[in-house]
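Here is my note for your review. Please read it beside the model.

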Amino acid sequence: MLLDQKLVDAAIAQLEQRWPADEPGGAAAMYLDDGQIVTSVGLDNINGGVTLCGETGSIIQAYTLGRRVTASAYVYRNAEGRLGVLAPCGICQERLAMWGPDVQVAVPDKIQPAGWAMRTLAEVHPYYWAKEFADGEWPPTSLHTGP
């Protein structure tokens with residue numbers, strides 16, 4: 001499945017379900033290779049070291065189901081109530097990398113009417129460090145998940 005407004009809308013719906021309209025928050029939605037959409041939110045904790053990104057739950061769901069993530073969108077609402085899209089952080093890029101360089105991610109783009117655009121992981125992360133361990137190519141899933 002390709003990243004589209006339906007996926008962004010699923011992330012917005014999860015955000016609105018989890019946080020009241022007057023609170024900041026964020027949520028993720030991901031397409032799996034069977035067309036299913038999974039959503040998740042971050043884990044906030046008084047101990048910042050144990051918090052988790054909003055995408056983590058969806059990534060774990062995909063992995064648990066044995067499915068590939070094909071596209072990911074993360075939305076946030078700031079304290080003033082404005083909605084926006086954020087590209088995945090470096091850690092979530094690493095988590096998504098196991099499904100290859102063609103995973104599509106939403107990135108902010110003020111020029112686009114919707115305020116976001118689609119990029120592949122390879123476009124977001126052109127100098128991916130792990131290519132050095134796979135003869136200059138994007139590492140296959142087996143290198144990410146092997147023993």
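This is a predicted model: local features need pLDDT of at least 70, side-chain atom pairs count only at pLDDT 80 or more; totals for chains, interfaces and linings use all residues.

1. The distances and angles below are computed from it.

2. Start with the aromatic rings. The count comes to three aromatic pairs. Y128 and W129 form one that is edge-to-face. Their centres are 6.0 Å apart, with 65° between the planes.

3. Ring pairs link Y128, W129, F133 and W138 into a cluster.

4. How buried or exposed are these residues? Y128 is buried, because its relative accessibility is 2% and the cut-off for buried is under 20%. W129 has 48% relative accessibility, so it counts as partly exposed. F133 is exposed, because its relative accessible area is 64% and the cut-off for exposed is over 50%.

5. Look next at R18 and W19. The charged end of R18 sits over the ring of W19. It lies 4.7 Å from the ring centre.

6. Where is N78? N78 is in the loop between strand 3 (69-77) and strand 4 (83-86). Despite that loop position, N78 counts as buried, because its relative accessibility is 17%. A polar atom of the N78 side chain lies 3.0 Å from the backbone nitrogen of E80. That distance is within 3.5 Å, the cut-off for a polar contact.

Key:
Residues are numbered from 1 along each chain as its sequence is written. Side-chain values use heavy atoms; hydrogens and water are left out. Helices (H or I, at least four residues) and strands (E, at least two) are DSSP runs, numbered from the N terminus. Buried means under 20% relative accessible area, exposed over 50%, partly exposed in between (1.4 Å probe, protein chains only). A polar contact is a pair of N or O atoms within 3.5 Å; within protein, one must be able to donate a hydrogen and the other to accept it, and residues adjacent in sequence count only if both atoms are side-chain atoms. Rings of Phe, Tyr and Trp (its six-membered ring) pair if their centres lie within 6.5 Å; planes under 30 degrees apart count as stacked, over 60 as edge-to-face and the rest as tilted. A charge sits over a ring if NZ of Lys or CZ of Arg is within 6 Å of the ring centre and within 35 degrees of the ring normal.
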